[in-house]
Amino acid sequence: MTDGAATEVARVLVAADKFKGSLTAVEVARRVSAGLRRVLPDLVVETLPVADGGDGTVAAAVAAGFERRELTVTGPLGEPVTAAFALRGTTAVVEMAEASGLQLLPPGVFAPLTATTYGSGELLRAALDAGATTVVFGVGGSATTDGGAGMLAALGARFLDAAGEPVGPGGAALADLAAADLTGLDPRFAGVDLVLASDVDNPLTGPKGAPAVYGPQKGATPDDVRTLDAALAHFATVLEKTVGPRAAEAAAAPGAGGAGGIGYGALILGASFRPGIELMLEVLGFAPALERADLVITGEGSLDEQTLHGKAPAGVASAARAAGKDVVAVCGRLALPAESLGGAGIRRAYPLTDLEPDTATCIANAGPLLEDTAARIARDFLS
């Protein structure tokens, strides 16, 4: 296929992530399908909304046929929130952002020092209660930087100060940690395949650790970053006294810094780490859908340098290229040159800003603009 040249396409697979702040992955798929069929009413379009482990992962699983299970858990500020996980057979998809995500905070409110992952632990426990023996734990989009301490506490761990009292919620309180007791951790995890799905491979602490790299996104000042980094390093040191060298190994391992260090807590639980999009494509059944497709349309809100490092469109394009399938992308904004797109396996990208250069208007009208963009793709590549 060449850019702008029509080819005979019998089936299109739409496998795009969300446009953050404007459209969910499910809505993206619906709008792209509508735009394609505006030009080619009889075109066969298969949709498979995708996610890389961050917010939207449960929704993608539900769209792929998993059952949505809702419950009330502890939110990042300690308040009750409604969260969900996805279940199909004995496989559960748990998304930490459902319980501990940045989107759960009131507008303009941040709690970098005190936000807790306790609710994420409650979600994991609910998945086990539902009979899951394989748990895909998607991490990303967190409001928290507590190293997963809140999650582990919800699963039975005890984190005590010098007076033998539980330390407070959030990462900063871990500076007061004197002892960690993991003997009460839910024993069912010994028989569960827990897989940490993340699009980042940062360690827990240091210049590339969770506080330094992601803390500012959660409202952390430079002083807060230093406080959190020291507290998480201390947390790992105390855990090393409890569980031995694997605590230090886990702190340095890829993925430990995911979602404010909840990746570290998951590794302490015995999780294995996999790149989020790679794992989610397996769980969602991408391979058979790809085999049926002649053209793949992927995308996300912003195609930029981050996209190339483990984000959903890069994972989709890589798998499609390996299968010999052509890929085009839709996005809100495009910040990658053509050679980077080609290197990632994307033939051409269609940003909404081509149709509406004003960013605020583009976000507000993303749905109709995406339909118009998909109609352009149909005319350029399919009709």
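**Exercise 1. Find how strand S5 and S6 pair, and over how many bridges.**

Step 1. Strand S5 covers residues 91-95, and its pairing with S6 is parallel, over 5 bridges. Strands are DSSP runs of E with at least two residues, helices are runs of H or I with at least four, and both are numbered from the N terminus. Two strands pair if DSSP finds at least two bridges between them.

Step 2. Now check how covered S6 is. Of the 6 residues in S6 (residues 134-139), 5 are buried. Buried means under 20% relative accessible area, exposed over 50%, and partly exposed in between, with a 1.4 Å probe and protein chains only.

A word on the model: it is predicted, so local features need pLDDT of at least 70 and side-chain atom pairs count only at pLDDT 80 or more, while totals for chains, interfaces and linings use all residues. Residues are numbered from 1 along each chain as its sequence is written, and side-chain values use heavy atoms, with hydrogens and water left out.

**Exercise 2. Work out which residues the aromatic cluster links.**

Step 1. Start with the search of the whole structure, which gives 3 aromatic pairs. Rings of Phe, Tyr and Trp (its six-membered ring) pair if their centres lie within 6.5 Å; planes under 30 degrees apart count as stacked, over 60 as edge-to-face and the rest as tilted.

Step 2. Take Phe 159 and Phe 235: their pair is edge-to-face, with 5.5 Å centre to centre and 75° between the planes. Phe 159 belongs to strand S7 and Phe 235 to helix H7 (residues 222-243), so this pair ties together parts 76 residues apart in sequence.

Step 3. Move on to Phe 235 and Tyr 264, an edge-to-face pair with 5.8 Å centre to centre and 75° between the planes. Tyr 264 lies in helix H9 and Phe 235 in helix H7, so the pair ties together parts 29 residues apart in sequence. Tyr 264 is buried, as is Phe 235.
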